[in-house]
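Hi,

Here is the structure I promised to pass on.

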Amino acid sequence: MILYVKMKLRLNSQDQKIILNKNESFRLDSGWDESIQTFEDEVLESIINPIENYETNRYIHKPYISSVAGPPPTESEAEEEGNEALTTTVSSVEQTDIWFYFYFVKDGSYANGLDYMAAGIQQTDKLLSDLRNSFFRLEFYKTPNGDLPNRTNRRLVFAKNLSPAVGERVQYTGKLEKLYVPVFMGSSIKNKENMYLFWFHDDTVLEETLLTGGTFYMSAKFYNAADGSKLLFGNKPIADSSTVTQEDDLYYKVEFYRDDNGEPTYHYIVYEMTSSFPYNGPRKGTADNPIKFYEMEGVEAPPPTPAPTGGGNNPTPNPTPNATPAPTPGPTSNSPTITWSAGTSVFTSISSAPPSFNLNDITGTVTVTNGSVNVYVRSSKQYQYGNVSYTTLNVTSVGSLSVTCASGDLNEDSLPSVLTIPPGTYNYTLTAELNLDGGETAGQAQSDIYTQ
């Protein structure tokens, strides 16, 4: 509001009026400049280099108590207790290691599936690169609103690779060296890369995505460098891949915790999935109860494209919201199969001064179905110099295949020589022979049949 007042000076003694002329302004917009400046600062702060916390932290596997066997008591200790037989003591140990087991399908079963040969990967000096270049991939997904995961609602947030080269090694009966197996352990002092997971210090940066919280769903795949294939794994043995239910059969639940309560401030726990909320089953990943994944060949397939809404007199209906697409049945396997009744390995050894030799063999029947199968043989020995080993495979009515491992080698394959066995049942003999002709007074050798 503006008030005008007129002022006029008296010019003579006859003029009795005094006129005031003053302009007064009442500022109703007082403080607007300051408010606009504050608003501008807030807008600029939100669009130019906003401060958001993308810091990640290392999460450790939550400690657990495991019972381990201790050394047996001495005879004197046992006698003091009045026991004639020695017994083994058991103690409780707090540990944070985590264990993963991956089972391949071998001869139609998971029974002997803890073996990379079931995936067509040989562990020899010449072929070990296939094993080193292969890897297991653990994928961690989140879902909005705590829904169970499937291919329509899950979102991949991070992944972790497990290399066979940092897996466990075991001594097979009759083998000359330890072989890698698809078993992984990670602890704070060994294979740390297998143990730790990394996630945000706080997940406020995900607020607009509806993917906040510490709940994750973990699945697994195997990338095979030998043939370029990718195998999907499930959380339980599945005899028929056409019966797979995504929410129940593919994942383990992983919970991340940031509280203390006497535990490491940042830790995680892996649970078996259940069908009822909050879906937490027994704890997995401990030495007594490891995480187990099972090969599910033929299950990995993209979800079907939802039908679009049509027009006209007969519109296509919309798909049911949040409906889980029916899994695609796995293809019927017509691949050739081969079965050896007496096995595919034979072992021999010598404990005498050279020159000396020894041989062992096995005999049985081999059955081939659904087409011909190419087989190879390998000869392996204990020492590099001073002895020679031989492998011979003879299949009646088909042919024979042999290979020599000279004194300068530890193993030798028949490649590129191959024996093609057509469908049918045949008698076979596999022989392993070892000759000592150098300075060694003992030695061992093994012969193997394998396919690729």
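Is Asp 413 buried or exposed? Asp 413 is buried, at a relative accessible area of 5% (buried is under 20% relative accessible area, exposed over 50%, partly exposed in between, with a 1.4 Å probe and protein chains only).

Before the rest, some housekeeping. This is a predicted model, where local features need pLDDT of at least 70 and side-chain atom pairs count only at pLDDT 80 or more, while totals for chains, interfaces and linings use all residues. Residues are numbered from 1 along each chain as its sequence is written, and side-chain values use heavy atoms, with hydrogens and water left out.

There are 8 salt bridges in total (a side-chain nitrogen of Lys or Arg within 4 Å of a carboxyl oxygen of Asp or Glu). Asp 413 pairs with Arg 378, with 2.9 Å between the closest N and O atoms. Arg 378 sits in strand 22 (residues 373-381) and Asp 413 in strand 25 (residues 411-413), so this pair ties together parts 35 residues apart in sequence. Strands are DSSP runs of E, at least two residues, and helices runs of H or I, at least four, numbered from the N terminus. Arg 378 is buried too, at 6%.

Another one links Lys 236 and Asp 249, 3.0 Å from N to O. Lys 236 is in the loop between strand 14 (230-234) and helix 4 (246-249), and Asp 249 is in helix 4. Lys 236 is partly exposed at 30%, whereas Asp 249 is buried at 8%.

Cheers
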